Amino acid sequence: MKVRILSCGILLFSTALIAETTDQFTIGQQKAKVCMTCHGADGISTTDPYPNLRGQRASYFISALKDYKSRERTSGLAILMQQQADALTDQDMKDIAYYYSMLGTKKNKNESTK
Ligand code: HEC
């Protein structure tokens, strides 16, 4: 009986670990819904002044968002992004950056939009 409880615990623990590592893409995708209006459903924008985000490097992506939030980035249409960045926590930025950095790469197997 003791053994069964123990192995059950190990099973739960390991599936939780797997879910955490593979799910950041899905979490990021959920959080990025609002971004898709301007940056396109697949990270390729359909309107000229809006940049593409697909495949963007995560560290650059996060630094850009932080610059909008701190108002260090003010040129052009930055005002649109300042409002967007205000609504994001550091964790949101990481998750969304992960999503876009993996979008369109071979490493990402969860992608539905090809
Ligand atoms: C209302 C339209 C709009 C929405 C919604 C929007 N963006 Fe943007 N985004 C822009 C525009 C316009 C720019 C270019 C701004 C500039 O000139 O700096 C931009 C720029 C960016 C950049 C910098 C790209 C680069 O190459 O430097 C990132 C990163 C970004 N957006 C992420 C996001 C994320 C994440 C969201 C969702 C939380 C989002 N955007 C929602 C319009 C939008």
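Hi everyone. Let me start with a term: two residues are in contact if their C-beta atoms, placed from the backbone, lie within 7 Å. Among contacts in this protein between residues at least 6 apart in sequence, 63% join residues at least 24 apart.

What you see is a predicted model, where local features need pLDDT of at least 70, side-chain atom pairs count only at pLDDT 80 or more, and totals for chains, interfaces and linings use all residues. Residues are numbered from 1 along each chain as its sequence is written.

The protein has five helices and zero strands; helices (H or I, at least four residues) and strands (E, at least two) are DSSP runs, numbered from the N terminus. Of its 114 residues, 19% count as buried, meaning 20 or more other C-beta atoms lie within 10 Å of a residue's own.

Now to H5, residues 90–102. Its buried residues include Met 93, Ala 97, Tyr 100 and Ser 101. Just after H5, Gly 104 has a positive phi of about 85 degrees.

Which helix packs against H5 at about 135 degrees? That is H3, residues 58–69, and the two axes are 9 Å apart; axes are lines fitted to C-alpha atoms over the stretch in contact, with angles from 0 to 180 degrees between N-to-C directions. H3 is therefore oblique to H5, as angles under 35 degrees count as roughly parallel, over 145 as roughly antiparallel, 65 to 115 as roughly perpendicular and the rest as oblique.

From H3, Ala 58, Phe 61, Ile 62 and Leu 65 meet H5 residues, among them Met 93, Ala 97 and Tyr 100.

Technical notes: The expected span of a helix is 1.5 Å times one less than its number of residues. A residue is buried if 20 or more other C-beta atoms lie within 10 Å of its own, exposed if 12 or fewer, and partly exposed in between; C-beta atoms are placed from the backbone.
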